[in-house]
Structures are given as structure tokens and as C-alpha cells.
Amino acid sequence: MCNRYEAPPRSAIELEWAARQVVEQDWDKVLFPRGRGTFIRRAPNDPGYSRELVVGQWGLIPWFAKEVKLPYQTNNARSEELAAKASYKQPWARGQRCIIPAESFDEPYWGPYDAQFKKCEWWRFRRADGRPWGLAGLWNTWTDKATGEVHESYTMLTINADGHPLMGRMHKNELDPKTKAPLPLEDQDKRSVIPIELADVDAWLAGTQQEAEALLRVPAVELFSAGPA
């Protein structure tokens, strides 16, 4: 799971993804859950195809929400559960996919299992080629029935990364409930964000669901430049 990332400047986003901002709004430089971030989607009002840059809440507000502030977190969504999870199944079925621009993101590294290892070391992940990340997400537009106020929001997708040489080492080690010993790394359901490469952006934003599903894959370790923050 990802709970902190840094957004690139507007100029870098426009250069990388050729997306235009319809409504002039600012966003947070450093994003935490429920912060104001930016995402790129296929413009819903364009009968053809164009990309637009949107500002919204990092934490998807589902159609059935009663208010903006949810009692649970929706900033990350497991890609394996999109078709069944109540909060995400409608945006997934409707093709409301988006790209989340990120200069870097942080994850906690807990090191090898040690009963005395009480705190994590935060690692920062950038692209090895120096470009910004374009992370897979879903978006939704929610209208407050009491006020008529329209809220844009989004969630960042994750995928199982057990056995990945880098992402499989992040997050606290899970213990066997019976023996209390650490589970093998391949059984811990370690998670990774899902980068969408530039060549695949159109397929992710405007392709079929089958084409989008083919892009839900663990990133190659060569993409990363990572180390203690």
C-alpha cells in the first residue's frame, strides 16, 4: 500500500502526458490519504478522445457515500478485487481509469524479521530514468445531495508483489497466527503500485477492460531507483 507520494509540477505533467487542465486548481505537493491530488483521465465530455488533468481527493468517494469524509480508507484499491468490491466495481465496469502522476512514492522497509526490530526505515522510490511515475488508478465523481457540490476523487491501484526483489521487501513482515514466526515472503501479500508506461497510456485510459487488465502487472525491478528517504 502507498500512503505518501510527491506530485510533479504542472509543467512536467503536461509535458509527459499532454493533458490539459479544464478547471484551474492547485494541488498538494506532498500527498497523504484524503489530500488534494491530481489525476489524468479520458475527458468524459469529449465524444472523441482527449486527456484532461483533474484535481480531486486521494481517496475515492463511492456512489453510495453519505458524505465526503468516509469512515474507511479508499486511497488504495487491490486490483484483484476491483470487479467485486462495492467501492470500486462501478468505476471499474464503466472504464473510469486514470493515471496518477507521481515524482516519487514512499514505502516502509522493516528489514529481516527480528523480534527487536521495532521501527521501520522509510524508503523513497523514483524512476531510474528520471521521469515521473504514471500510476494506475480509478476515478469517480460524487455529488453531495444536500448541497449539490461536486467532488472528484481517485484511488491508487495495487497488486500482489510477493517474491519481487524490491517491493516484496516492503511493509511489516506478517506472522503465522499459530507459530508467530514470519511467513515466507512469497506468502505475505506484499503490495506494489502499478506503473503504466507512456506507450500504454491510451490503452489504459480508453481501451477495453480486457486490454486494461493486461496492464495490471508487477513493475520490473529495473524501473526503480530506490533507497532510504
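I'll start with V54, which is buried at a relative accessible area of 9%. Buried here means under 20% relative accessible area and exposed over 50%, with partly exposed in between, using a 1.4 Å probe and protein chains only. This is a predicted model, where local features need pLDDT of at least 70, side-chain atom pairs count only at pLDDT 80 or more, and totals for chains, interfaces and linings use all residues. Residues are numbered from 1 along each chain as its sequence is written, and side-chain values use heavy atoms, with hydrogens and water left out.

V54 is found in strand 5. Strands (E, at least two residues) and helices (H or I, at least four) are DSSP runs, numbered from the N terminus. Leaving aside residues up to four places away in sequence, V54 touches G37, T38, F39, R41 and E152; contact means heavy atoms within 4.5 Å. V22 is 32 residues from V54 along the chain, and their C-alpha atoms are separated by 7.4 Å.

Next, helix 1, residues 10-17. Its buried residues are I13, E16 and W17. They lie on the same side of helix 1 because they cover an arc of only 75° around the axis, taken from the directions from the helix axis to the C-beta atoms. S11 and L15, on the other side, are exposed. The buried residues of helix 1 pack against strands 4, 5, 7 and 10, and against helix 3. Just after helix 1, A18 takes a positive phi of about 50°.
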